[in-house]
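Here is a note on the model you asked me to look over. Please keep the structure open while you read the numbered points.

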Amino acid sequence: MPSLQNAGQTQTKSQSTNHNSKMGRKLLFDKAHIENIRYYDVYRANGGYGSAEKALKSMTPELVLEEVKKSGLRGRGGAGFPTGMKWSFIAKPEGVPRYLVCNADESEPGTFKDRYLMEFIPHLLIEGLLISSYTLGCNTCYIYIRGEYAWIPDILEEAIADAKKNGWLGKNIQGTGFDLEIYVQRGAGAYICGEETALIESLEGKRGNPRIKPPFPAVKGLYDCPTVVNNVETLATIVPILRIGGEEYAKYGTGKSTGTKLISACGNINKPGVYEIEMNISVEEFIYSDEYCGGIPNGKRLKACIPGGSSVPILPANLLLKTAKGEPRMMTYESLADGGFATGTMLGSGGFIVLDEDQCIVKNTLTFARFYHHESCGQCSPCREGTGWMERVLKNIEKGKGKMSDIDLLWDIQRKIEGNTICPLGDAAAWPVAAAIRHFRDEFEWHVLNPEEAQTRNFGLAHYADPLEIAAPAAV
Ligand SMILES: Cc1cc2nc3c(=O)[nH]c(=O)nc-3n(C[C@H](O)[C@H](O)[C@H](O)COP(=O)(O)O)c2cc1C
Ligand code: SF4
(Lines give C-alpha, C1' and ligand atoms only; values in the text may rest on other atoms or scores of the structure.)
(Ligands and ions follow the chains in the order given, each with its own letter.)
Protein backbone atom coordinates (compact mmCIF):
# COMPACT_ATOMS: atom_id res chain seq x y z
CA MET A 1 0.00 0.00 0.00
CA PRO A 2 1.30 3.48 -0.77
CA SER A 3 2.32 5.52 2.24
CA LEU A 4 2.30 9.08 3.47
CA GLN A 5 5.64 9.70 1.84
CA ASN A 6 7.02 13.07 2.76
CA ALA A 7 5.29 13.61 6.03
CA GLY A 8 6.73 10.92 8.23
CA GLN A 9 4.73 7.93 9.34
CA THR A 10 1.85 8.64 11.65
CA GLN A 11 -0.32 5.61 11.11
CA THR A 12 -0.36 4.21 14.63
CA LYS A 13 -0.08 5.48 18.16
CA SER A 14 3.38 4.08 18.63
CA GLN A 15 5.10 4.76 15.33
CA SER A 16 7.84 7.35 15.36
CA THR A 17 8.89 9.91 12.79
CA ASN A 18 11.00 9.67 9.68
CA HIS A 19 10.57 13.25 8.55
CA ASN A 20 13.22 14.39 6.12
CA SER A 21 14.16 17.97 6.94
CA LYS A 22 15.73 18.54 3.50
CA MET A 23 12.35 18.31 1.86
CA GLY A 24 10.42 21.21 0.30
CA ARG A 25 8.33 23.57 2.41
CA LYS A 26 5.26 22.03 3.96
CA LEU A 27 2.06 23.65 5.17
CA LEU A 28 -0.29 20.70 5.62
CA PHE A 29 2.15 17.93 6.47
CA ASP A 30 4.49 20.18 8.49
CA LYS A 31 3.43 18.47 11.71
CA ALA A 32 2.42 15.13 10.24
CA HIS A 33 5.67 13.53 11.40
CA ILE A 34 4.87 14.22 15.05
CA GLU A 35 4.02 11.04 16.86
CA ASN A 36 0.33 10.78 17.74
CA ILE A 37 -0.56 14.06 15.99
CA ARG A 38 -3.84 12.33 15.22
CA TYR A 39 -4.95 12.89 18.82
CA TYR A 40 -6.36 16.12 20.20
CA ASP A 41 -3.85 16.67 23.03
CA VAL A 42 -0.84 16.26 20.74
CA TYR A 43 -2.38 18.38 17.99
CA ARG A 44 -3.24 21.15 20.48
CA ALA A 45 0.19 20.98 22.17
CA ASN A 46 1.78 21.57 18.76
CA GLY A 47 -0.13 24.73 17.96
CA GLY A 48 -3.36 23.07 16.80
CA TYR A 49 -6.52 25.19 16.93
CA GLY A 50 -4.30 28.30 17.00
CA SER A 51 -5.68 29.46 13.65
CA ALA A 52 -9.25 28.87 14.80
CA GLU A 53 -8.58 30.82 17.99
CA LYS A 54 -7.16 33.70 15.95
CA ALA A 55 -10.11 33.71 13.53
CA LEU A 56 -12.92 33.37 16.04
CA LYS A 57 -11.50 35.65 18.72
CA SER A 58 -9.82 38.44 16.78
CA MET A 59 -11.25 38.50 13.24
CA THR A 60 -14.63 39.11 11.66
CA PRO A 61 -15.84 36.62 9.04
CA GLU A 62 -15.22 39.32 6.40
CA LEU A 63 -11.58 39.62 7.44
CA VAL A 64 -11.08 35.85 7.26
CA LEU A 65 -12.63 35.85 3.79
CA GLU A 66 -10.20 38.59 2.76
CA GLU A 67 -7.25 36.41 3.87
CA VAL A 68 -8.57 33.45 1.88
CA LYS A 69 -8.96 35.66 -1.20
CA LYS A 70 -5.44 37.06 -0.78
CA SER A 71 -4.03 33.54 -0.51
CA GLY A 72 -5.14 32.73 -4.07
CA LEU A 73 -6.21 29.26 -2.87
CA ARG A 74 -7.89 27.26 -5.61
CA GLY A 75 -10.22 24.37 -4.82
CA ARG A 76 -8.33 21.09 -4.54
CA GLY A 77 -11.27 18.88 -5.61
CA GLY A 78 -10.31 19.00 -9.29
CA ALA A 79 -11.61 22.11 -11.02
CA GLY A 80 -9.28 24.58 -9.26
CA PHE A 81 -11.96 27.25 -8.74
CA PRO A 82 -10.80 30.11 -6.46
CA THR A 83 -12.08 29.35 -2.96
CA GLY A 84 -12.42 32.96 -1.78
CA MET A 85 -14.54 33.81 -4.82
CA LYS A 86 -16.73 30.74 -4.29
CA TRP A 87 -17.32 31.69 -0.67
CA SER A 88 -18.26 35.25 -1.63
CA PHE A 89 -21.10 33.87 -3.82
CA ILE A 90 -22.99 32.32 -0.90
CA ALA A 91 -26.48 33.79 -0.62
CA LYS A 92 -27.47 35.26 2.74
CA PRO A 93 -31.27 35.37 2.90
CA GLU A 94 -32.59 36.40 6.32
CA GLY A 95 -33.56 33.54 8.65
CA VAL A 96 -32.39 30.74 6.31
CA PRO A 97 -29.61 28.39 7.49
CA ARG A 98 -26.44 28.00 5.42
CA TYR A 99 -24.49 24.77 5.18
CA LEU A 100 -20.88 23.82 4.66
CA VAL A 101 -20.33 20.40 3.11
CA CYS A 102 -16.91 18.81 3.09
CA ASN A 103 -16.50 16.62 0.03
CA ALA A 104 -14.61 13.53 1.18
CA ASP A 105 -15.98 11.25 -1.52
CA GLU A 106 -12.56 10.86 -3.16
CA SER A 107 -13.44 8.19 -5.70
CA GLU A 108 -11.45 9.41 -8.71
CA PRO A 109 -9.11 6.56 -9.71
CA GLY A 110 -5.55 7.50 -8.73
CA THR A 111 -6.59 10.00 -6.06
CA PHE A 112 -6.06 9.11 -2.41
CA LYS A 113 -4.73 12.26 -0.76
CA ASP A 114 -7.79 13.29 1.31
CA ARG A 115 -7.81 9.91 2.92
CA TYR A 116 -4.38 10.59 4.43
CA LEU A 117 -5.36 13.98 5.79
CA MET A 118 -8.44 12.52 7.46
CA GLU A 119 -6.73 9.42 8.72
CA PHE A 120 -3.52 10.92 10.08
CA ILE A 121 -4.30 14.59 10.87
CA PRO A 122 -8.08 14.67 11.41
CA HIS A 123 -7.96 17.74 13.66
CA LEU A 124 -6.45 19.78 10.82
CA LEU A 125 -9.65 19.15 8.88
CA ILE A 126 -11.90 19.82 11.91
CA GLU A 127 -10.07 23.10 12.54
CA GLY A 128 -10.41 24.03 8.86
CA LEU A 129 -14.14 23.25 8.98
CA LEU A 130 -14.54 25.40 12.08
CA ILE A 131 -12.83 28.45 10.53
CA SER A 132 -14.65 27.98 7.21
CA SER A 133 -18.06 27.60 8.90
CA TYR A 134 -17.41 30.73 10.96
CA THR A 135 -16.51 32.65 7.79
CA LEU A 136 -19.56 31.45 5.86
CA GLY A 137 -21.99 31.81 8.77
CA CYS A 138 -22.82 28.08 8.91
CA ASN A 139 -23.81 26.39 12.17
CA THR A 140 -24.04 22.92 10.65
CA CYS A 141 -21.38 21.19 8.62
CA TYR A 142 -21.39 17.75 7.02
CA ILE A 143 -18.45 15.60 6.02
CA TYR A 144 -19.65 13.32 3.20
CA ILE A 145 -17.20 10.42 2.99
CA ARG A 146 -16.98 7.61 0.47
CA GLY A 147 -18.32 4.29 1.70
CA GLU A 148 -15.13 2.39 0.97
CA TYR A 149 -13.20 4.48 3.51
CA ALA A 150 -14.92 2.30 6.08
CA TRP A 151 -12.48 2.91 8.95
CA ILE A 152 -12.12 6.69 8.64
CA PRO A 153 -15.53 7.86 9.95
CA ASP A 154 -14.60 6.40 13.36
CA ILE A 155 -11.38 8.43 13.35
CA LEU A 156 -13.28 11.57 12.38
CA GLU A 157 -16.01 10.99 14.95
CA GLU A 158 -13.44 10.50 17.70
CA ALA A 159 -11.73 13.76 16.65
CA ILE A 160 -15.10 15.58 16.55
CA ALA A 161 -15.98 14.29 20.04
CA ASP A 162 -12.58 15.39 21.41
CA ALA A 163 -12.87 18.81 19.78
CA LYS A 164 -16.32 19.19 21.32
CA LYS A 165 -15.13 18.08 24.75
CA ASN A 166 -12.47 20.79 24.55
CA GLY A 167 -14.86 23.54 23.55
CA TRP A 168 -14.05 23.76 19.80
CA LEU A 169 -17.46 22.52 18.67
CA GLY A 170 -20.98 22.73 20.04
CA LYS A 171 -22.56 25.81 21.59
CA ASN A 172 -20.74 29.08 22.30
CA ILE A 173 -17.35 27.87 21.04
CA GLN A 174 -14.55 29.16 23.30
CA GLY A 175 -16.98 31.77 24.67
CA THR A 176 -17.28 33.52 21.30
CA GLY A 177 -21.01 32.94 20.87
CA PHE A 178 -20.44 30.92 17.68
CA ASP A 179 -22.13 27.49 17.47
CA LEU A 180 -21.14 24.62 15.20
CA GLU A 181 -22.02 20.94 14.87
CA ILE A 182 -20.16 18.65 12.45
CA TYR A 183 -21.76 15.40 11.25
CA VAL A 184 -20.11 12.60 9.30
CA GLN A 185 -22.22 10.97 6.60
CA ARG A 186 -21.07 7.85 4.79
CA GLY A 187 -21.78 7.45 1.09
CA ALA A 188 -22.52 4.04 -0.38
CA GLY A 189 -19.55 3.99 -2.74
CA ALA A 190 -20.76 5.78 -5.87
CA TYR A 191 -18.24 7.93 -7.78
CA ILE A 192 -21.00 10.25 -8.98
CA CYS A 193 -21.74 11.25 -5.38
CA GLY A 194 -18.47 13.23 -5.47
CA GLU A 195 -20.13 15.66 -7.91
CA GLU A 196 -21.40 18.38 -5.63
CA THR A 197 -25.09 18.35 -6.54
CA ALA A 198 -25.27 14.53 -6.57
CA LEU A 199 -23.58 14.62 -3.17
CA ILE A 200 -26.26 17.03 -1.90
CA GLU A 201 -29.03 14.76 -3.21
CA SER A 202 -27.42 11.79 -1.49
CA LEU A 203 -27.01 13.74 1.75
CA GLU A 204 -30.74 14.48 1.60
CA GLY A 205 -31.35 10.73 1.49
CA LYS A 206 -32.13 10.49 -2.22
CA ARG A 207 -30.47 8.71 -5.16
CA GLY A 208 -27.25 10.54 -6.04
CA ASN A 209 -28.35 12.09 -9.33
CA PRO A 210 -26.68 15.39 -10.28
CA ARG A 211 -28.95 18.43 -10.46
CA ILE A 212 -29.13 20.80 -13.40
CA LYS A 213 -27.30 24.05 -12.62
CA PRO A 214 -28.32 26.84 -12.13
CA PRO A 215 -29.41 27.20 -9.42
CA PHE A 216 -25.96 26.68 -7.95
CA PRO A 217 -25.56 25.27 -4.45
CA ALA A 218 -24.40 28.68 -3.18
CA VAL A 219 -28.01 29.82 -3.73
CA LYS A 220 -30.02 26.60 -3.47
CA GLY A 221 -28.09 23.64 -2.13
CA LEU A 222 -28.71 21.28 0.77
CA TYR A 223 -32.42 21.32 1.75
CA ASP A 224 -32.72 24.19 -0.77
CA CYS A 225 -30.56 26.39 1.48
CA PRO A 226 -27.34 28.22 0.51
CA THR A 227 -24.51 25.68 0.62
CA VAL A 228 -20.79 25.63 -0.01
CA VAL A 229 -19.22 22.32 -1.04
CA ASN A 230 -15.45 22.14 -0.75
CA ASN A 231 -12.85 19.42 -0.94
CA VAL A 232 -11.11 18.05 2.20
CA GLU A 233 -7.71 19.43 1.23
CA THR A 234 -9.18 22.85 0.39
CA LEU A 235 -10.77 23.11 3.82
CA ALA A 236 -7.70 21.85 5.69
CA THR A 237 -5.60 24.45 3.86
CA ILE A 238 -7.59 27.26 5.52
CA VAL A 239 -5.65 26.49 8.73
CA PRO A 240 -2.13 27.36 7.44
CA ILE A 241 -3.58 30.31 5.50
CA LEU A 242 -4.86 31.80 8.75
CA ARG A 243 -1.65 30.89 10.56
CA ILE A 244 0.74 32.63 8.16
CA GLY A 245 -1.68 35.06 6.48
CA GLY A 246 -3.04 35.07 2.94
CA GLU A 247 -0.24 37.20 1.50
CA GLU A 248 2.47 34.94 2.90
CA TYR A 249 0.65 31.84 1.64
CA ALA A 250 0.54 33.35 -1.85
CA LYS A 251 4.36 33.53 -1.82
CA TYR A 252 4.45 29.72 -1.91
CA GLY A 253 4.14 28.26 -5.39
CA THR A 254 4.09 30.24 -8.64
CA GLY A 255 1.67 32.34 -10.69
CA LYS A 256 -1.94 31.41 -10.04
CA SER A 257 -0.84 28.12 -8.49
CA THR A 258 -0.22 29.43 -5.02
CA GLY A 259 0.70 27.36 -2.01
CA THR A 260 1.29 23.67 -1.73
CA LYS A 261 -0.64 20.75 -3.20
CA LEU A 262 -1.07 17.17 -2.10
CA ILE A 263 -0.24 14.72 -4.85
CA SER A 264 -1.10 11.03 -4.60
CA ALA A 265 1.45 9.27 -6.76
CA CYS A 266 1.06 5.71 -8.01
CA GLY A 267 1.78 3.40 -10.93
CA ASN A 268 5.30 2.59 -12.10
CA ILE A 269 7.32 4.58 -9.59
CA ASN A 270 9.70 3.52 -6.86
CA LYS A 271 7.98 5.41 -4.08
CA PRO A 272 4.20 5.54 -4.37
CA GLY A 273 2.55 7.68 -1.72
CA VAL A 274 1.08 11.04 -0.84
CA TYR A 275 3.40 14.03 -1.24
CA GLU A 276 2.97 17.64 -0.33
CA ILE A 277 4.70 19.67 -3.01
CA GLU A 278 5.18 23.37 -3.33
CA MET A 279 3.78 24.27 -6.74
CA ASN A 280 7.11 25.37 -8.18
CA ILE A 281 8.82 22.08 -9.04
CA SER A 282 9.07 20.44 -12.43
CA VAL A 283 7.28 17.23 -13.39
CA GLU A 284 10.69 15.71 -14.07
CA GLU A 285 11.87 16.47 -10.53
CA PHE A 286 8.66 15.06 -9.11
CA ILE A 287 9.03 11.76 -10.97
CA TYR A 288 12.76 11.23 -10.76
CA SER A 289 14.03 12.85 -7.55
CA ASP A 290 14.48 10.77 -4.40
CA GLU A 291 12.51 13.35 -2.48
CA TYR A 292 9.38 12.37 -4.38
CA CYS A 293 8.61 9.38 -6.63
CA GLY A 294 12.22 8.16 -6.82
CA GLY A 295 12.14 7.29 -10.52
CA ILE A 296 10.81 4.28 -12.38
CA PRO A 297 11.56 0.75 -11.13
CA ASN A 298 13.87 -1.71 -12.89
CA GLY A 299 15.48 0.88 -15.12
CA LYS A 300 12.35 1.11 -17.27
CA ARG A 301 11.56 4.23 -19.25
CA LEU A 302 8.66 6.58 -18.84
CA LYS A 303 5.95 6.10 -21.45
CA ALA A 304 3.04 8.24 -20.26
CA CYS A 305 1.39 9.87 -17.30
CA ILE A 306 -2.08 10.86 -16.15
CA PRO A 307 -1.22 13.63 -13.70
CA GLY A 308 -4.58 14.63 -12.21
CA GLY A 309 -6.73 11.56 -11.69
CA SER A 310 -8.31 9.29 -14.30
CA SER A 311 -10.44 12.04 -15.91
CA VAL A 312 -7.60 14.24 -17.12
CA PRO A 313 -5.93 13.69 -20.50
CA ILE A 314 -3.04 11.23 -20.62
CA LEU A 315 0.22 12.66 -21.98
CA PRO A 316 3.11 10.79 -23.63
CA ALA A 317 6.53 11.21 -22.01
CA ASN A 318 7.74 13.72 -24.59
CA LEU A 319 4.87 16.11 -23.85
CA LEU A 320 4.83 15.46 -20.14
CA LEU A 321 8.34 16.55 -19.26
CA LYS A 322 8.41 19.50 -21.64
CA THR A 323 5.64 21.63 -23.08
CA ALA A 324 5.19 21.84 -26.84
CA LYS A 325 7.26 25.05 -26.65
CA GLY A 326 10.14 23.05 -25.19
CA GLU A 327 9.87 24.55 -21.71
CA PRO A 328 10.08 22.34 -18.62
CA ARG A 329 6.59 21.23 -17.61
CA MET A 330 5.92 22.30 -14.02
CA MET A 331 3.64 20.85 -11.36
CA THR A 332 1.24 23.81 -11.55
CA TYR A 333 -2.30 24.34 -12.82
CA GLU A 334 -1.04 26.58 -15.64
CA SER A 335 1.94 24.59 -16.85
CA LEU A 336 0.18 21.22 -16.91
CA ALA A 337 -2.61 22.84 -18.94
CA ASP A 338 -0.18 24.59 -21.30
CA GLY A 339 -1.09 23.85 -24.90
CA GLY A 340 -4.73 23.06 -24.09
CA PHE A 341 -5.83 19.49 -24.72
CA ALA A 342 -3.82 19.39 -27.97
CA THR A 343 -0.52 19.10 -26.07
CA GLY A 344 -1.40 19.65 -22.40
CA THR A 345 -3.48 18.13 -19.63
CA MET A 346 -4.67 19.21 -16.14
CA LEU A 347 -3.52 19.12 -12.52
CA GLY A 348 -7.06 17.99 -11.60
CA SER A 349 -7.27 16.33 -8.21
CA GLY A 350 -3.55 15.55 -8.10
CA GLY A 351 -3.91 11.80 -8.71
CA PHE A 352 -0.59 11.22 -10.46
CA ILE A 353 -0.48 7.88 -12.36
CA VAL A 354 2.81 6.94 -14.03
CA LEU A 355 3.01 4.37 -16.85
CA ASP A 356 6.29 2.77 -17.88
CA GLU A 357 7.26 1.34 -21.27
CA ASP A 358 5.55 -1.99 -20.55
CA GLN A 359 2.07 -0.52 -20.15
CA CYS A 360 -0.59 -0.88 -22.81
CA ILE A 361 -2.44 2.35 -23.56
CA VAL A 362 -5.42 0.53 -25.10
CA LYS A 363 -5.87 -1.61 -22.01
CA ASN A 364 -5.47 1.40 -19.72
CA THR A 365 -8.08 3.33 -21.71
CA LEU A 366 -10.44 0.36 -21.55
CA THR A 367 -10.03 0.13 -17.77
CA PHE A 368 -11.03 3.78 -17.35
CA ALA A 369 -13.90 3.48 -19.87
CA ARG A 370 -15.29 0.52 -17.93
CA PHE A 371 -15.14 2.57 -14.74
CA TYR A 372 -17.03 5.54 -16.20
CA HIS A 373 -19.66 3.29 -17.75
CA HIS A 374 -20.20 1.61 -14.40
CA GLU A 375 -20.39 4.94 -12.56
CA SER A 376 -22.69 6.84 -14.97
CA CYS A 377 -25.93 7.67 -13.14
CA GLY A 378 -27.85 7.18 -16.39
CA GLN A 379 -29.81 10.44 -16.40
CA CYS A 380 -28.55 11.69 -19.78
CA SER A 381 -28.38 9.50 -22.87
CA PRO A 382 -24.99 10.66 -24.27
CA CYS A 383 -23.32 9.56 -21.04
CA ARG A 384 -25.51 6.53 -20.29
CA GLU A 385 -25.25 5.07 -23.80
CA GLY A 386 -21.93 6.56 -24.89
CA THR A 387 -19.87 5.27 -21.96
CA GLY A 388 -21.09 1.71 -22.53
CA TRP A 389 -20.52 2.00 -26.28
CA MET A 390 -16.95 3.23 -25.78
CA GLU A 391 -16.29 0.37 -23.38
CA ARG A 392 -17.55 -2.21 -25.91
CA VAL A 393 -15.52 -0.77 -28.81
CA LEU A 394 -12.37 -0.55 -26.69
CA LYS A 395 -12.87 -4.11 -25.48
CA ASN A 396 -13.05 -5.32 -29.07
CA ILE A 397 -9.84 -3.50 -30.02
CA GLU A 398 -8.07 -4.76 -26.90
CA LYS A 399 -9.16 -8.35 -27.52
CA GLY A 400 -7.91 -8.24 -31.13
CA LYS A 401 -11.39 -8.05 -32.64
CA GLY A 402 -11.33 -4.38 -33.61
CA LYS A 403 -11.56 -2.69 -37.00
CA MET A 404 -9.67 0.39 -38.18
CA SER A 405 -12.98 2.27 -38.37
CA ASP A 406 -13.51 1.59 -34.64
CA ILE A 407 -10.84 4.15 -33.82
CA ASP A 408 -12.75 6.88 -35.65
CA LEU A 409 -15.96 5.59 -34.13
CA LEU A 410 -14.48 5.99 -30.65
CA TRP A 411 -13.42 9.51 -31.54
CA ASP A 412 -16.96 10.33 -32.71
CA ILE A 413 -18.60 8.89 -29.62
CA GLN A 414 -16.44 10.84 -27.19
CA ARG A 415 -17.06 14.06 -29.19
CA LYS A 416 -20.79 13.52 -28.85
CA ILE A 417 -20.58 13.03 -25.08
CA GLU A 418 -18.32 15.98 -24.26
CA GLY A 419 -20.28 19.08 -23.30
CA ASN A 420 -23.66 17.44 -23.88
CA THR A 421 -24.48 16.16 -20.41
CA ILE A 422 -25.95 17.42 -17.15
CA CYS A 423 -22.75 16.99 -15.16
CA PRO A 424 -19.03 16.77 -15.96
CA LEU A 425 -18.88 12.97 -15.60
CA GLY A 426 -19.60 12.85 -19.31
CA ASP A 427 -16.53 14.99 -20.03
CA ALA A 428 -14.52 12.93 -17.56
CA ALA A 429 -15.39 9.80 -19.54
CA ALA A 430 -14.71 11.42 -22.93
CA TRP A 431 -11.36 13.09 -22.23
CA PRO A 432 -9.27 9.97 -21.47
CA VAL A 433 -10.47 8.32 -24.69
CA ALA A 434 -9.85 11.45 -26.75
CA ALA A 435 -6.34 11.95 -25.35
CA ALA A 436 -5.41 8.29 -25.83
CA ILE A 437 -6.38 8.42 -29.50
CA ARG A 438 -4.85 11.87 -30.01
CA HIS A 439 -1.44 10.88 -28.69
CA PHE A 440 -1.31 7.09 -29.11
CA ARG A 441 -3.25 6.46 -32.32
CA ASP A 442 -0.55 4.23 -33.77
CA GLU A 443 -0.78 1.96 -30.74
CA PHE A 444 -4.52 1.55 -31.38
CA GLU A 445 -3.83 0.88 -35.07
CA TRP A 446 -1.16 -1.67 -34.15
CA HIS A 447 -3.73 -3.54 -32.04
CA VAL A 448 -6.11 -3.65 -35.00
CA LEU A 449 -3.44 -4.67 -37.54
CA ASN A 450 -1.75 -7.23 -35.30
CA PRO A 451 -4.60 -8.82 -33.35
CA GLU A 452 -2.74 -11.98 -32.41
CA GLU A 453 0.59 -10.38 -31.55
CA ALA A 454 -1.23 -7.79 -29.44
CA GLN A 455 -2.46 -10.63 -27.21
CA THR A 456 1.08 -11.72 -26.42
CA ARG A 457 3.08 -8.50 -26.18
CA ASN A 458 2.69 -4.78 -25.71
CA PHE A 459 3.39 -2.06 -28.23
CA GLY A 460 6.13 -0.77 -25.92
CA LEU A 461 7.61 2.68 -25.65
CA ALA A 462 7.73 3.25 -29.44
CA HIS A 463 8.49 6.91 -30.16
CA TYR A 464 6.54 8.33 -27.25
CA ALA A 465 9.60 9.53 -25.40
CA ASP A 466 11.43 10.87 -28.46
CA PRO A 467 12.32 14.56 -28.36
CA LEU A 468 9.71 16.68 -30.09
CA GLU A 469 10.61 18.80 -33.03
CA ILE A 470 10.08 22.27 -31.67
CA ALA A 471 9.24 24.90 -34.23
CA ALA A 472 11.83 27.69 -34.33
CA PRO A 473 10.51 30.96 -32.95
CA ALA A 474 9.34 33.35 -35.64
CA ALA A 475 11.89 36.02 -36.54
CA VAL A 476 11.04 39.45 -35.22
C1 LIG B 1 -18.07 12.91 -11.34
C2 LIG B 1 -17.44 13.86 -10.39
C3 LIG B 1 -16.84 13.38 -9.24
C4 LIG B 1 -16.27 14.28 -8.33
N5 LIG B 1 -15.67 13.77 -7.21
C6 LIG B 1 -15.14 14.63 -6.31
C7 LIG B 1 -14.55 14.13 -5.11
O8 LIG B 1 -14.50 12.93 -4.87
N9 LIG B 1 -14.03 15.04 -4.24
C10 LIG B 1 -14.08 16.39 -4.48
O11 LIG B 1 -13.63 17.17 -3.66
N12 LIG B 1 -14.62 16.88 -5.61
C13 LIG B 1 -15.16 16.04 -6.51
N14 LIG B 1 -15.76 16.55 -7.63
C15 LIG B 1 -15.84 18.02 -7.78
C16 LIG B 1 -17.03 18.58 -6.98
O17 LIG B 1 -18.18 18.57 -7.81
C18 LIG B 1 -16.80 20.00 -6.49
O19 LIG B 1 -16.43 20.79 -7.59
C20 LIG B 1 -15.71 20.08 -5.44
O21 LIG B 1 -16.02 19.30 -4.31
C22 LIG B 1 -15.54 21.52 -5.01
O23 LIG B 1 -14.52 21.63 -4.05
P24 LIG B 1 -13.29 22.60 -4.25
O25 LIG B 1 -13.82 23.92 -4.73
O26 LIG B 1 -12.70 22.68 -2.88
O27 LIG B 1 -12.39 21.95 -5.25
C28 LIG B 1 -16.32 15.67 -8.58
C29 LIG B 1 -16.91 16.15 -9.75
C30 LIG B 1 -17.46 15.25 -10.65
C31 LIG B 1 -18.10 15.78 -11.88
S1 SF4 C 1 -23.28 13.08 -17.29
FE2 SF4 C 1 -23.55 10.95 -16.73
S3 SF4 C 1 -23.30 10.94 -14.52
FE4 SF4 C 1 -23.66 13.08 -15.10
S5 SF4 C 1 -25.87 13.36 -14.94
FE6 SF4 C 1 -25.50 12.71 -17.03
S7 SF4 C 1 -25.72 10.47 -16.99
FE8 SF4 C 1 -25.48 11.16 -14.89
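1. A side-chain polar atom of N230 is 2.9 Å from an oxygen atom of ligand 1. N103 also places a polar side-chain atom 2.9 Å from an oxygen atom of ligand 1. With G77 the contact runs through the backbone: a polar backbone atom lies 2.7 Å from an oxygen atom of ligand 1. A polar contact here is a pair of N or O atoms within 3.5 Å; within protein, one must be able to donate a hydrogen and the other to accept it, and residues adjacent in sequence count only if both atoms are side-chain atoms. Ligand 1 exposes 610 Å² when taken alone, and the protein buries 87% of that. Those areas come from the Shrake-Rupley method with a 1.4 Å probe; for residues, only the protein chains shown count as cover.

2. The basis of these values needs stating. This is a predicted model in which local features need pLDDT of at least 70 and side-chain atom pairs count only at pLDDT 80 or more, while totals for chains, interfaces and linings use all residues. Residues are numbered from 1 along each chain as its sequence is written, chains are lettered from A and ligands numbered from 1 in the order in which they are written, and side-chain values use heavy atoms, with hydrogens and water left out.

3. Ala, Val, Leu, Ile, Met, Phe, Trp, Tyr, Cys and Pro count as nonpolar, Asp, Glu, Lys and Arg as charged, and the others, Gly among them, as polar. Helices (H or I, at least four residues) and strands (E, at least two) are DSSP runs, numbered from the N terminus.

4. Ligand 1 takes up the space of the largest pocket. To sit in a pocket or cavity, a molecule needs more than half of its atoms within 2 Å of the grid points. The largest pocket has a volume of about 1,200 Å³. Its lining has 44 residues, and G77, G78, A79, G194 and E195 are the closest to its centre. The search uses a 1 Å grid over the protein atoms alone: a cavity is a set of points where a 1.4 Å probe fits but cannot get out, a pocket is an open set with protein on both sides within 12 Å along at least five of seven lines, and lining residues have an atom within 4 Å of a point. Grid points are joined across faces, edges and corners, and a volume is the space filled by probe spheres set on the points.

5. The lining of the largest pocket divides into 17 nonpolar, 16 polar and 11 charged residues. The largest share, 5 residues, is from β4.

6. Ligand 2 sits in the second largest cavity. That cavity has a volume of about 80 Å³. Around ligand 2 are 13 residues, the closest being C377, C380, C383, T421 and C423.

7. In the whole structure, 4 cavities reach 30 Å³ or more. The largest cavity has a volume of about 90 Å³. Of its 14 lining residues, K31, Y43, G48, L124 and R243 are the closest to its centre. Both α6 (122-136) and α9 (232-244) supply at least two lining residues.

8. The peptide bond between K213 and P214 is cis, with omega about -5°. The bond from P214 to P215 is also cis, with omega near 5°. P215 is in the loop between α8 and β4. E106 is not a glycine, yet has a positive phi of about 30°. E106 lies in the loop between β1 (99-104) and α5.

Key:
Near = heavy atom within 4 Å.
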